[in-house]
Amino acid sequence: MRFSPRQLNRKSSEPLYIQVFHILRQAVSETAPDSGMVLPSTTELAHQFKVSQNTIRAAMRMLVESRLVCRIRHRGTVPVSCMRPEDPQADNRSIGLVFPMSAYDFWQPVLKIMHEAAGIKGFSLDIYLYNGDGTDLRDEHRALQQALRNCSGIILYGDFRGADRALVEQFNRERPPLVLFLIDQENMDVSLVASDGYSATSEMTEKLLRKGCRRPLFCYRNLNNTTQVRLAGFKDALQRSGLDFKPEMTCRIDFPDREIPAKIARLKPDSLICSAYSEAMIVKDIPPENIVVFAARHGLDYRHNGINLVVSPTDLLGQAAIDEVVRRIYEPKAYRRKILVRMENEVFNLKTAGANK
């Protein structure tokens with residue numbers, strides 16, 4: 001790796017050590033994980049840039065504080081992406097994924113993708129599980145504290161009802177970058193990666209309306225963050241189609257309430273938008289093609305053959321979460337982004353889904 005004094009603008013008002021930092025940061029960020037790169041010594045860098053060693057030391061200190069490089073005894077200054085598992089500082093290049101224990105099995109496919117994506121960028125992915133239902137946040141706090149001590153960045157799948165909002169805001173002020181995963185939190189200055197439930201619901205509602213449905217029913221279990229985002233998309237589609245939103249167009253489903261089928265029957269819907277297979281199963285008189293379910297591909301009951309299935313692209317979501325936390329690790333003061341990934345629509349078919357009767 002060679003540098004030149006011509007890369008510096010000595011007439012600029014920006015200090016030379018900051019210019020050197022930006023140049024080195026760019027070089028380090030573009031380094032392949034398997035390159036084995038080691039930065040030149042302070043003396044050599046000062047010679048290449050034609051600046052003092054104090055200027056180089058100041059720039060290197062900024063690189064270390066940004067967790068872009070690590071000083072390893074007998075090796076030198078190494079980009080974090082080029083560190084080896086046996087290096088004493090290897091923990092400094094880990095990403096903590098904080099998940100509720102109940103979601104671990106469900107998200108196995110996306111976890112595999114995230115492990116691979118982190119590895120490509122030179123980071124390990126460490127999982128921190130917590131128990132909690134949103135009423136007691138102590139175990140989630142414990143898991144976040146542990147990840148905070150051990151990791152360069154944190155990805156959090158928190159409480160979907162938003163009960164941990166204050167906890168998220170507290171940890172978002174800490175030094176390691178925090179990225180919310182699959183949780184769409186409005187009005188928070190925090191990076192997040194989630195499915196675009198608003199657009200997906202709006203598009204699917206319009207699809208039903210174009211087919212002639214005029215009594216769509218929006219079913220939900222909890223009025224959490226995700227539900228509110230989808231409901232906003234539902235209302236927006238009605239408005240664009242010239243229909244007024246009415247309270248009877250929504251129905252809260254509390255299982256195991258035996259009165260739910262009768263309650264829905266009294267509303268006389270001709271189409272249904274719901275977030276679980278169980279909600280679709282209790283409706284007897286609506287054709288499958290007029291049912292929209294937001295859910296995962298696997299585990300769909302055979303009685304749902306022909307429904308409109310809306311799924312989150314777990315590969316894109318996992319990759320986006322890793323990209324965002326690594327971006328924030330490399331640039332701690334970078335702006336926080338809200339990344340919404342488009343959801344996929346498909347018609348559930350037994351032959352392609354592989355479900356069994």
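User: Which residues line the second largest cavity?
Analyst: The model is a predicted one. About 40 Å³ of space lies in this second largest cavity. Its lining is made up of Phe218, Cys219, Tyr220, Thr227, Arg230, Ile273, Cys274, Ser275 and Phe294.

User: Which element gives the most to the lining of the second largest cavity?
Analyst: β8, α8 and β10 each bring at least two residues to that lining. With three residues, the most comes from β8.

User: How many residues of the lining of the second largest cavity are charged?
Analyst: Six of the lining residues are nonpolar and two are polar. The charged count for the second largest cavity is one.

User: How many cavities of 30 Å³ or more does the structure hold?
Analyst: Rolling a probe the size of a water molecule over the atoms shows where empty space is left. The second largest cavity, at about 40 Å³, has already been described. For cavities of 30 Å³ or more, the number in the structure is two.

User: What is the bridge partner of valine 292 in β12?
Analyst: β11 covers residues 291–294 and β12 covers residues 308–311. The two strands pair in the parallel sense over three bridges. In β12, valine 292 has as its bridge partner asparagine 308.

User: Which residue of the hairpin of β1 and β2 takes a positive phi?
Analyst: β1 (residues 69–72) and β2 (residues 76–79) pair in the antiparallel sense over four bridges. Isoleucine 72 stands opposite glycine 76. Three residues lie between the strands. The positive phi, near 70°, belongs to histidine 74.

User: Which element supplies the largest share of the lining of the second largest pocket?
Analyst: The volume of this pocket is about 230 Å³. Among its eleven lining residues, Phe21, Met62, Ser66, Pro332 and Lys333 lie nearest its centre. α1 (16–29) and α3 (53–65) each supply at least two residues. The largest share, three residues, comes from α1.

User: How many residues of the lining of the second largest pocket are charged?
Analyst: Four residues of this lining are nonpolar and two are polar. The charged residues number five.

User: How far apart are the closest N and O atoms of arginine 165 and glutamate 169?
Analyst: The structure holds ten salt bridges, and this pair forms one of them. Both residues lie in helix α6 (residues 165–172), four residues apart, about one turn of the helix. Side chains of opposite charge can pair when their charged atoms come close. For arginine 165 and glutamate 169, the closest N and O atoms are separated by 3.6 Å.

Notes
Residues are numbered from 1 along each chain as its sequence is written. This is a predicted model: local features need pLDDT of at least 70, side-chain atom pairs count only at pLDDT 80 or more; totals for chains, interfaces and linings use all residues. Side-chain values use heavy atoms; hydrogens and water are left out. Two strands pair if DSSP finds at least two bridges between them. On a 1 Å grid over the protein atoms alone, a cavity is a set of points where a 1.4 Å probe fits but cannot get out, and a pocket is an open set with protein on both sides within 12 Å along at least five of seven lines; lining residues have an atom within 4 Å of a point. Grid points are joined across faces, edges and corners, and a volume is the space filled by probe spheres set on the points. Ala, Val, Leu, Ile, Met, Phe, Trp, Tyr, Cys and Pro count as nonpolar, Asp, Glu, Lys and Arg as charged, and the others, Gly among them, as polar. A salt bridge is a side-chain nitrogen of Lys or Arg within 4 Å of a carboxyl oxygen of Asp or Glu.
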